[in-house]
Amino acid sequence: MQELTLKECSFYPEAKAMVIAEYGDLRFNYLNDNWTTKFTITRRIKIFTTEGKNQANVSIRLYDPVDGGIHERLSSVKAITHNLVDGRIEKTPLNQSEVFRTRLSDHRTEISFTLPNVQVGSVIDYEIILISNYLSVLFPWKFQKSIPTKVSEIRYVIPEYFNYITSQLGTSIELTKETNSVHESFKYKWESEPGIGGNKAVAIGAENSVSKEQRFVARNILPLEDEPNINNKPDLPARLEFQLVSSQMPNSAVKFYADNYESFTKDILTWESFGKTLDQGAFASPAIKELRADSVSDLASAIYHWIQNHFSFTNEYGVTNNKAGKIAFNEGSGNVPAINLTLIAALREAGINAYPIILSTRGHGIPHPVYPNYEDFNYVIVGVKTEAGLILADATTKLSFGTIPERCLNGKGWLVDNEFGQWVDLKKEAHYSSEVSINMTLEETQITSELHITHKNYAGVTTWEQVDSIGATNFIQEIDQKLSDWDIENFNIKSGTKESKEHFEFEITASRAINANKRIYISPFILGMPLENPFRRPERVAPIDFPYGFEYRVIAQIKIPDGYSAILPESGVFKLQSNDGSFIYSTNQVGNTINLVGIFKISKTEFNPNEYQNLKQFYQLVTDKNQELIVLNRL
């Protein structure tokens, strides 16, 4: 009754809903000669607003491959909605026919259901029981969600036969931990090591285990919300994960499970849908003979553009494809692995050292740096070893050779090769560069300006992609909206995948800029500099992730008429700690010409939450300075 009449979350009043309490309990069972885990999840949620009603939509993704004996499955679901009706508690249970199973891929299925009769003020309960024989990785437990959580508790009871690494990941929260010993008994079928003559002993008996019980509790957990420059949201919630390192069953030797990337590489290179496709490039031989190049880089670039122009991309990601090579080439369309594995095969046919680099795209998460998991990766690009070093390429795009799309700028990718397998920094060569040149002239009746904007590297890519997507006319209209006070007379754009150039000419009537005191206020940085601080929250729990380092440069020259004196903003130099960012602002006046220069740089791409306050303050200094006005007074 107290929960049904509750009006808000005590520690997060703006919450649309809250988890009142949730409990997880994982235990091992031995049945029919197989170990399984039983994971029971019980959760109670309070609905505060109409938007919070979406918490009644529950979905669970399970590892459930089409082929293979390892599965996670749903054992049971119980759910009920509580409402307060005329002072009494009314309960509405979930109909089991409303629990749905949907196959998402060859490896994943989704269980989903919606609790019935959910209203503002409802309290919903559900219990889910999951069974798994996938022992390498136990079900994780996420303490943090999109809504606040009052109490979150998880209990793992692990038999002494299994050795797991426990990792606390995601944002930092305070956990209370207890560890106890629990005596359990399992009926276990065991088989001894071969003795003299190769004989083995097999028996079934009750085996006792001094199991380890671990209990973790967190309270008053703030939600994980969308914030500027947030990336890899699946990695952010505070959570526990368990990785199986080894096991030792009764009367048996120790068995190790946690693979390393060396064994992972050897494995996937034997796959027909991956490693076996890389040396099947005979289809490309006739075309390669027609290509002319003076270096490995030039030849690789020519083959890249040949493959790039041949294929139509289906906008589907992935790492493996059975058609990569001749079949995919003949079809002329394909997903990421179909196109890029085909490119590698063509490059190798030309005698060029080319390798697949598997990665996780932005927003998909970061692969574990030590223990490989195939499902951590959802994309493959091409690494080409040339006299200029390792060049990264993705033929699914229209980008130039050596530029990969922004979606791939996510931590590190794994270069797959038996001899040279290694992590590759995907952001190492990524940079964003924008330069704006402003020439402004003030006359008695009008102010005219001329802008030249040059975008290079990923700034050029971004502009080109915008123009390619919406067209030059719509792109110009978006610029026109940003400069609503100005009348654009002339606009030209030259856009390419490496560099884009824009030219503006526009004017504003002087009377619109002059106040009653005959003063003119000029905002010198019309475009090209940040004018608002994107970091406004007082605290932050998620890392700040820029896809690349960047530099904004604005050079302005303002000619003022005779009969005016100018009050200029002060020059200044601002720096982030460790020189991870800087801002230079310089002003001076020579005769009737005012000169301003602004250079804003961020060289570091990832900042942890402990660095948030410094970054926020730095941005505030930059944006405050960029908003300072030049004041002209009539003499």
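Which residues line the largest cavity?

**Entry 1: the model and its cavity**

I began by noting that this is a predicted model, in which local features need pLDDT of at least 70, side-chain atom pairs count only at pLDDT 80 or more, and totals for chains, interfaces and linings use all residues. Residues are numbered from 1 along each chain as its sequence is written, and side-chain values use heavy atoms, with hydrogens and water left out.

I then turned to the opening question and found that the largest cavity is lined by Phe264, Ile268, Trp271, Phe274, Val319, Ile358, Tyr374 and Phe377. On a 1 Å grid over the protein atoms alone, a cavity is a set of points where a 1.4 Å probe fits but cannot get out, a pocket is an open set with protein on both sides within 12 Å along at least five of seven lines, and lining residues have an atom within 4 Å of a point. The structure holds one cavity of 30 Å³ or more, and the space in the largest cavity is about 30 Å³. A volume here is the space filled by probe spheres set on the points, which are joined across faces, edges and corners.

Ala, Val, Leu, Ile, Met, Phe, Trp, Tyr, Cys and Pro count as nonpolar, Asp, Glu, Lys and Arg as charged, and the others, Gly among them, as polar.

**Entry 2: the whole protein**

I recorded eight helices and 35 strands; these are DSSP runs numbered from the N terminus, helices being H or I of at least four residues and strands E of at least two. The C-alpha trace spans about 105 × 80 × 45 Å along its principal axes. Of the 635 residues, 47% are buried, where buried means under 20% relative accessible area, exposed over 50%, and partly exposed in between (1.4 Å probe, protein chains only).

**Entry 3: the second largest pocket**

I looked up the second largest pocket, which holds about 760 Å³ of space. Its lining has 28 residues, and Tyr432, His455, Lys482, Gly528 and Tyr552 lie nearest its centre. Two or more lining residues come from each of strand S23 (431-442), strand S24 (446-457), helix H6 (458-470), helix H7 (472-482) and strand S29 (549-559). By class, I found 16 nonpolar, seven polar and five charged residues in this lining.

**Entry 4: aromatic rings**

I found 41 aromatic pairs. Rings of Phe, Tyr and Trp (its six-membered ring) pair if their centres lie within 6.5 Å; planes under 30 degrees apart count as stacked, over 60 as edge-to-face and the rest as tilted.

Why is the pair of Tyr261 and Trp423 edge-to-face? The ring centres of Tyr261 and Trp423 are 4.9 Å apart and the planes stand at 70°, so the pair falls in that class. Phe546 is buried at 4% relative accessibility, and Phe550 is buried at 7%.

**Entry 5: charges over rings, and cysteines**

I found the charged end of Lys385 over the ring of Phe420, 4.1 Å from its centre. A charge sits over a ring if NZ of Lys or CZ of Arg is within 6 Å of the ring centre and within 35 degrees of the ring normal. Lys625 lies over the face of Tyr585, at 5.3 Å from the ring centre.

My search of the whole structure for disulfides (pairs of cysteine sulfur atoms within 2.5 Å) returned zero. Cys9 is buried at 0% relative accessibility, and Cys408 is buried at 0%.
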